[in-house]
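Hello,

Here is the structure I promised to pass on. Please open it first, then read my notes below.

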Amino acid sequence: MGRLFIESISSTMVYKCKCCRVDLTSSGQIIDKNFQSKSGKAYLFNKVVNITLGSCEDRSFVTGLHTVSDIHCSSCHQLLGWKYVKAYADSQKFKEGKYILEKARLLKDGW
Ligand SMILES: [Zn+2]
């Protein structure tokens, strides 16, 4: 049995999982706040911790075809968003390796 390792973020403005309040990322990691997901607003982040990745699949967005992987909280397993694994259009390459977290599933702490 492996013990769950939770990484904590040393920032004053942290985004946490809304269900279990584990640290996910901080305000300094935000790249773009103008993303849209099925549940509403979503943010693009540079780095996110305490997550598990689902299997890769091709998904079509307004901005074209991308290979993405769903992101789940490593502690409570709720779906948080997705990670861009590969972008097919050159203009979207900046998203590769970046994370989308849905605003509705996040909790702001220390703001
Ligand atoms: Zn959680």
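**The annotated domain**

UniProt, in an unreviewed entry, places the feature "domain: Yippee" at residues 13–110. Please keep in mind that this is a predicted model. The end C-alpha atoms of residues 13–110 lie 5 Å apart. That span is 61% strand and 0% helix.

**The zinc site**

Which residues hold the zinc ion? Four cysteines coordinate the ion through their SG atoms: Cys17, Cys20, Cys73 and Cys76, at 2.3 Å. Along the chain, these donors follow the spacing C-x2-C-x52-C-x2-C.

The geometry is tetrahedral, because the four donor atoms subtend angles of 103 to 115° around the zinc ion, and the cut-off asks for all angles between 85 and 135 degrees. For reference, the ideal angle for four tetrahedral donors is 109.5 degrees.

Now for exposure of the ligands. Cys17 is buried, because its relative accessible area is 0%. Cys20 has a relative accessibility of 28%, so Cys20 counts as partly exposed. Cys76 is also partly exposed, with a relative accessible area of 28%. The band for partly exposed runs between the buried limit, under 20%, and the exposed limit, over 50%.

How many disulfides does the structure hold? The count is zero.

Take Cys56 as a case. The closest cysteine sulfur to the sulfur of Cys56 is in Cys73, 20 Å away, which is too far for a bond. A disulfide would need the two sulfur atoms within 2.5 Å. Cys56 is exposed, because its relative accessible area is 52%.

**The sheet**

There is an open sheet of six strands, with antiparallel pairing. The strand order is β3-β4-β8-β7-β6-β5. Its edge strands are β3 (30–37) and β5 (51–61), and each of them pairs on one side only. From one strand to the next, the twist averages 30°.

Inside the sheet, look at β7 (residues 79–87) and β8 (residues 99–102). These two strands pair in the antiparallel sense, over three bridges.

**Where to look**

Start with the zinc ion and its four ligands, Cys17, Cys20, Cys73 and Cys76. Then go to Cys56, the exposed cysteine described above. Finish on the β7 and β8 pair.

Best wishes

Terms used. Residues are numbered from 1 along each chain as its sequence is written. This is a predicted model: local features need pLDDT of at least 70, side-chain atom pairs count only at pLDDT 80 or more; totals for chains, interfaces and linings use all residues. Side-chain values use heavy atoms; hydrogens and water are left out. Donors are N, O and S atoms within 2.8 Å of the metal (3.2 Å for Na, K and Ca); water is not among the atoms, so sites may look incomplete. Four donors count as tetrahedral if all angles lie between 85 and 135 degrees; four count as square planar and six as octahedral if opposite donors are over 155 degrees apart and all others between 65 and 115; anything else is irregular. Buried means under 20% relative accessible area, exposed over 50%, partly exposed in between (1.4 Å probe, protein chains only). UniProt positions are given in the numbering used here, feature names are shortened, and annotations may be inferred rather than shown by experiment. Helices (H or I, at least four residues) and strands (E, at least two) are DSSP runs, numbered from the N terminus. Two strands pair if DSSP finds at least two bridges between them. Axes are lines fitted to C-alpha atoms, for helices over the stretch in contact, and angles run from 0 to 180 degrees between N-to-C directions.
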